[in-house]
Amino acid sequence: MKHLTIDPKHARPPTRTHLHHPQSLPEAITTALHPSTPGNENASLFFIGTATTILEYAGVRLLTDPNFLHAGDHVHLGPGVTGTRVTNPAIYIEDLPAIDAVLLSHYHADHFDELVENSLRRDLPIVTTEHAKDALTSGKDAGEAFTEVTSLGFWESCLIQCDGKGRNVAVKVTGTPGKHVPDGLMSKANELLGAVPPTNGWMVELGSVEAGKGDESFQNGYRIYISGDTLMVDELKEIPERYKDQNIDLMLIHLGGTTIPSPSIPLLMVTMDAKQGIELMELIHPEVTIPIHYDDYDVFLSPLSDFKKAVEEAGWTDRVVYLDRKDQFKFRVK
Ligand SMILES: [Zn+2]
């Protein structure tokens with residue numbers, strides 16, 4: 001198990017370019033709760049856009065897949081592959097509150113854009129893939145490399161904790177499999193293979209550890225599975241096997257049916273569409289599912305309305321919560 005110690009006093013801004021950041025989370029437009037058993041909420045998930053969210057529990061804040069570009073901005077997604085953002089993030093990067101660590105599923109411009117890469121404070125802790133760690137820490141000009149990057153392979157874990165006495169808040173993050181391109185690609189599609197970086201999903205467990213005791217003292221209070229940009233592949237079947245008899249409280253599912261190289265040449269789908277999303281719900285069986293990464297780029301060809309329809313047809317409307325940008329979901333960590 002890897003370790004990351006944080007000190008969530010929120011005294012420092014998350015970026016090096018904008019020095020006056022708010023201390024508190026942005027105000028949400030609407031607040032969603034557990035659809036069947038709400039009550040005693042003590043943690044929140046704020047949706048910024050694409051796969052960008054802020055998870056907050058007991059003063060600890062995690063930022064996922066930071067993407068702060070605006071409508072009309074382009075992202076380079078590989079050789080010959082570009083996307084255009086069609087939405088605005090809920091907040092500007094200069095309005096991002098202080099955060100303690102970033103969870104980056106993969107190094108792709110719709111998850112970690114140029115603006116973010118230039119702006120973030122170099123010593124902000126980032127948990128990500130080996131591939132992304134290389135990109136963030138090597139081959140950069142002096143002073144440009146990120147200095148606190150932790151990589152996790154599939155099923156490798158990192159315990160993020162705060163120092164203190166007694167029982168301390170801790171977050172256990174485990175890399176889960178993800179596959180951004182399907183197997184068996186031919187010719188043209190093979191060229192695109194190099195364009196699509198390897199990706200992780202995450203199991204994020206919010207809980208606590210006993211001060212002075214080892215990792216085995218970790219107790220989970222709320223378990224969140226974040227799919228990352230994966231397709232519905234066989235490798236994901238290991239997730240319910242490994243977490244057998246352990247409740248998955250929440251699933252954040254990256255939808256969108258991202259299709260490259262462009263909307264006019266829809267050659268290869270590299271993220272789940274509505275049908276695969278339903279299959280993943282069936283496999284993981286989370287109590288609550290929240291779709292993210294569904295309409296922010298012109299290369300996302302599967303609209304959220306397709307998923308909503310599929311959820312209705314499956315009779316699962318009470319198991320899904322929909323957030324628009326600037327909405328939040330509040331939940332209870334035991
Ligand atoms: Zn993506």
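Predicted model: local features only at pLDDT ≥ 70, side-chain atom pairs only at ≥ 80, totals over all residues.
Local features require pLDDT of at least 70 and side-chain atom pairs pLDDT 80 or more, while totals for chains, interfaces and linings use all residues. Residues are numbered from 1 along each chain as its sequence is written, and side-chain values use heavy atoms, with hydrogens and water left out.

The zinc ion is coordinated by Asp110 (OD), His111 (NE2), Asp229 (OD) and His293 (NE2). The distances run from 2.1 to 2.2 Å. Donors are N, O and S atoms within 2.8 Å of the metal (3.2 Å for Na, K and Ca); water is not among the atoms, so sites may look incomplete. The angles among the four donor atoms span 85 to 158°, and the site is irregular. Along the chain, the donors follow the spacing D-H-x117-D-x63-H. His111 lies in the loop between strand E8 (101-103) and helix H1 (114-119), and His293 in the loop between strand E18 (288-292) and helix H6 (304-314), so the pair ties together parts 182 residues apart in sequence. Helices (H or I, at least four residues) and strands (E, at least two) are DSSP runs, numbered from the N terminus. His111 is buried at 0% relative accessibility, and His293 is buried at 0%. Buried means under 20% relative accessible area, exposed over 50%, partly exposed in between (1.4 Å probe, protein chains only).

Most residues other than glycine have a negative phi, and most peptide bonds are trans. His10 has a positive phi of about 55°. This residue sits in the loop between strands E1 (2-6) and E2 (31-32) and is buried at 11%. Asp65 also has a positive phi, near 30°. Its loop joins strands E5 (60-64) and E6 (74-78), and Asp65 is buried at 3%. The peptide bond from Ile260 to Pro261 is cis, with omega near 5°. Pro261 belongs to strand E16 (residues 259-262).

Ser217 occupies the loop between strands E13 (201-210) and E14 (219-226). Ser217 is buried, at 11% relative accessible area. Its side chain has a polar atom 3.1 Å from the backbone nitrogen of Glu210. The side chain also reaches the backbone oxygen of Gly214 at 2.9 Å. Beyond four places in sequence, Ser217 touches Arg167, Ser208, Val209 and Glu210 (contact means heavy atoms within 4.5 Å).

Methods. Tetrahedral: all angles 85-135°; square planar, octahedral: opposite > 155°, others 65-115°. Polar contact = N/O pair within 3.5 Å; in protein donor to acceptor, adjacent residues only side chain to side chain.
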